[in-house]
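This briefing is meant to be read beside the sequence and the coordinates.

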Amino acid sequence: MGADALPVSPALRKRVLKVLFISLLLDLISFTFILPLFPKLLEFYRNHETGDPNTILSKILAGLNAYKNSFAKPIISRYDIVLLGGALGSLFSLCQAVASPVIGTLSDKYGRRTALLWSMAGNMLSVALWVAATDFRTFLASRIVGGLSEGNVQLAMAMATDISDESQRGATMALVGVCFSIAFTFGPALGAYLSTLQVMDKNPFAMAAGFSLFLIVAESVYLYFCLPETLPAAAAPTANGKTNGHAKVEISKPHVRTNSHTLLNATHFTFILFFSGMEFSLPFMTYDLFSYEAKDTGRLLGFIGLVASLLQGSVVRRMHPLKVVQMGVVACTIAFVLLGRVQTQGALYGAAALLAVTSATVVTGLNSLSSFEASADERGNKLGNHRSFGQVGRALGPLIFCSLYWWAGRETAYATGAAGMVAVCALVFGGLKVPPGTENIGKKPKKAVSVDLRKLQGEGRVGTMTVAATAASVAAISSLAAYVNAKYHIGQDLRTIKFKKGAEKHYAELVRTKRQCLWYSFTPHVPRYANELCIWSREKIYTWQEVHDKAVQWAHFFLEQGVKPGDMVGTYLTNSADFIVIWMGLWCIGCAPAMLNYNLRGDAMIHCLKIADVKLVLVDADAECAERFSVVREKVENELGVTPFTVNSSLLEKIYSGRTEVPGDEYRENVTGFDPTCLLYTSGTTGLPKAGKFMVNRYHERGNPDKLAFDQTAGPNGDRWYCCMPLFHGTGGLAAMAALTGGMSVAIGKKFSTNRFWDDIHDSDSSMFVYVGEAARYLLMAPPHPRERDHRLRGMYGNGMRPDVWTRFKERFNVPEVIEFFNSTEGVLAMVVHSKGPFTDATVGHHGAIIRQALKNVYVPVSIDPETGELMRDPKTGFVRRNSYNEGGEILVGVPSEEAFAGYYNNPSATKKKFERDVFKKGDLYYRSGDALRRDDDGRWYFLDRLGDTYRWKSENVSTAEVAEVLGKYSGIGEAIVYGALVPKHDGRAGCVALRLADGVDAKTFDWKALLDYSRSKLPRYAVPVFLRLILVGSNTDNQKQNKGPLRLEGIEIDKYGEKVPNSQEDVVLWAKPGANSYVRFTLEDLQALRNGKITI
């Protein structure tokens, strides 16, 4: 074989290696620009063209949707773009499969240099079409032209073969692999950055495309002037009888092959078929398991690329190509097995390390083996055919593998892939052999020899070794960092810490300049968006300028009524655009609203006005509100000395004809962080409502309004927040105000209604909506609405989303993001999670290792006595035992002093009850959250129960949240309100469930035996509900939270039903009667038997 591998002079080898390395880097970096842009790029074309069913893109998407709909398992719409990208990738590979043999044959006939320059001309045309691609048709043409003309990689391998003998072949091929790894590590990041620089509205990716074109043109010019011909037969003879540095060409002898090209091509095709399918499935799998975004997937792929470059530069280049292939296919087989079972990000990165071994070895080794079996005059053709088989596999692999992924599931798909790789191993280990004459490649010499550095430099090896060493260093550090970040979420924590530091810095500047008042957070947006929509409602629509001017007019009205900076004004108002304007008007003069629940009546209303110490109250013109207020009006005016104003059309007309000059800064400059943005009230389910200040400094924890969290976008084309939750409640009202102070518009719904919800979302063009409690469940229980997916919603924000609702809601209504926060009126224990996928589904927070360590003695789970509600203390030491985070418990929050809690307004006794001292050691101080949570090993926080909801039965604590989640997943159940009920002659409380069946489900035909069997299979025996109370409507607070108090008070005393729960006298109760294997009717006779002690549960 040595006669076929024509050696070249060291000078020529060095020259060609240098040109190949530089040109390949330019080419591959340009090629990888588009990879991270595919989702947004295709989304851009989809949004602009799918309105016309006759466009090419519309027809392609229709075909893909038909493909999606053929699966029994639903494929959610977020994958549409991924599937389209995969289809284009398959098209590109098919074009390559057709073109590669042709390009290789032309290079054998006319020379490598000539073929490469013609290939570059096609590449330039392809990228130029991308620059001009203002429609999908042009972009599609650019991909087809690129697929048919791209020949750089295969021609580079052919040239590398031309200038290498068998002993140099593996090292030279590895250099090509290093170029791949470096380009795929840095190219996508550069392309992503360039895509943020828009120069054309019709093609927002023109900057990235233009720079890609610049690199291709630069590469072409460089090749034209610097690349010599490497094919001996095509090189011009020189005066010394050599052809362009080659030894004199001899007539080739017939080539004796060790490994047939048929076997090599079949191995290449089979390997790429399975490997490319797995590659394409990775974004789906990482999204499903860990809610990975594009940046997370890019980080994973970067990790694979860097590890691959490490191996190619340090190991692969020194091994025999057959050993390289064998190592790679074994690693790939193990990776398939791991990917089918992976549950943690650490395990994912372990599998990724094996995939990096595969990426670094198999294709490089197969190319080297293929080059050994080709003589100089057929090398281009054979390598082209070899590449063509691989490209056919790359075109078919994603389609076949992902079909299996969706039909049979992840485990089956990856098990099949592992079986396929076993077949590839059989081909490699059983069929491929070491070509004669190459046995010593990769073996260490038996005797030590001196190294002539100048000779190595002449052969171009020092440059290669330097590149390899540099790549190895970068790869080693990056690989370790990527693994640690994936396992411990370091990057997430650092971003959180950076955001908080930025918020603190911003707040410090506000304090210094006396701009803490929230009015100053709103006004900068007014001149920017003056005539754009600011507040949408069915009744009224206001622009930013109108909101500003009307708020100023309200401010003057308040001043005229004697309101002074620092005062609060009572509001007894339903949702409306003017409620928001009134709130803003109070901020304008350094005041705040005391926001009463408009459903309050009688003593509760008087109590709320009294503790707020207001002198003015605004009453809604709504007839029911006016009627409730009229009952207490005399007492409000005479005993409390509060002046009421009804916000009707005449008052609004009078106020909105007033002055619009903004009151001076002196009204706002004395606002401090401890002043209220508003006064909020608890729901009052356990007595009269308690009031809590939502303080200014807490509001500013949102940070600089010019640097929004949660991927929010300000401005007329940005986010619009829809809120039909009560504005008097912190979740709804503060979310709306936060949107306005962040430069985003809002849409206000009068009240929550499953009938009107989707019409409001559609007509207001909202992108986010606010939810509380069971609102999501009620939307899910409602019949299909024609507009429930016809919207531009990207997410929802709120608290109280139940685990059994979370995923079903997202998938049915196509709402991909959930921002679930965990907080309360008091606001000492606060968490939030921005969930974009299943990894954080049903969580209320997520902390990485850094924040977990920082909060180790701040957020502490403990056990409480379910009967008394007191902390469980050690009788010997008097201290509380902390639970493990996985076990969970009521969360105590370590605080430096009682000032950390703003306290219940004008209620010091209730405030004092929220603190515990000497908890874990003498002198410590902890705030009692009243909420039980747990945290898993990945740092995800889950809600367990609220204080008072947990009950004790059969000497065991029962979590109502756990029972509700299990029952909520049972077919036919719409809502399960779980609580403990006293049972005569029994200790503790038995599990009781107020059960709402789903629409269309009849209690008479419902299979109650199956429900009991299901409950017993899913729950500990002591947690299986004993009683079921069938209800027609939910028992809720005014903010869509379950109201268990009245149900708990009535318990199972069916002869007293209706005393606490209105209109419930006819509620039917079922029970798991001792000895019965089904839920049966609970009668007065059964109740009496329990009272007499004749039945024991």
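What share of the contacts in the chain with a separation of 6 or more comes from residues 24 or more positions apart? In this predicted model, such residues account for 75% of those contacts.

**Overall make-up**

- The chain comprises 36 helices together with 27 strands, and of its 1097 residues 56% are buried.

**Aromatic pairs**

- There are 44 aromatic pairs in the structure, including that of Phe1027 and Phe1082, which counts as edge-to-face because the ring planes stand at 80°, with the ring centres 5.2 Å apart.
- This pair links distant parts of the chain, since Phe1027 belongs to strand 25 (residues 1027-1030) whereas Phe1082 lies 55 residues away, in the loop between strand 27 (1080-1081) and helix 36 (1084-1091).
- Phe1027 and Phe1082 are both buried.
- A cluster linked by ring pairs takes in Tyr722, Phe752, Phe757, Trp758, Phe769, Phe809 and Phe813.

**Charges over rings**

- Arg1029 places its charged end over the ring of Tyr1057, at 3.5 Å from the centre of that ring.
- Arg515 is positioned over the face of Tyr520, and the distance to the ring centre is 4.4 Å.

How values were computed. Residues are numbered from 1 along each chain as its sequence is written. This is a predicted model: local features need pLDDT of at least 70, side-chain atom pairs count only at pLDDT 80 or more; totals for chains, interfaces and linings use all residues. Side-chain values use heavy atoms; hydrogens and water are left out. Helices (H or I, at least four residues) and strands (E, at least two) are DSSP runs, numbered from the N terminus. Buried means under 20% relative accessible area, exposed over 50%, partly exposed in between (1.4 Å probe, protein chains only). Contact means heavy atoms within 4.5 Å. Rings of Phe, Tyr and Trp (its six-membered ring) pair if their centres lie within 6.5 Å; planes under 30 degrees apart count as stacked, over 60 as edge-to-face and the rest as tilted. A charge sits over a ring if NZ of Lys or CZ of Arg is within 6 Å of the ring centre and within 35 degrees of the ring normal.
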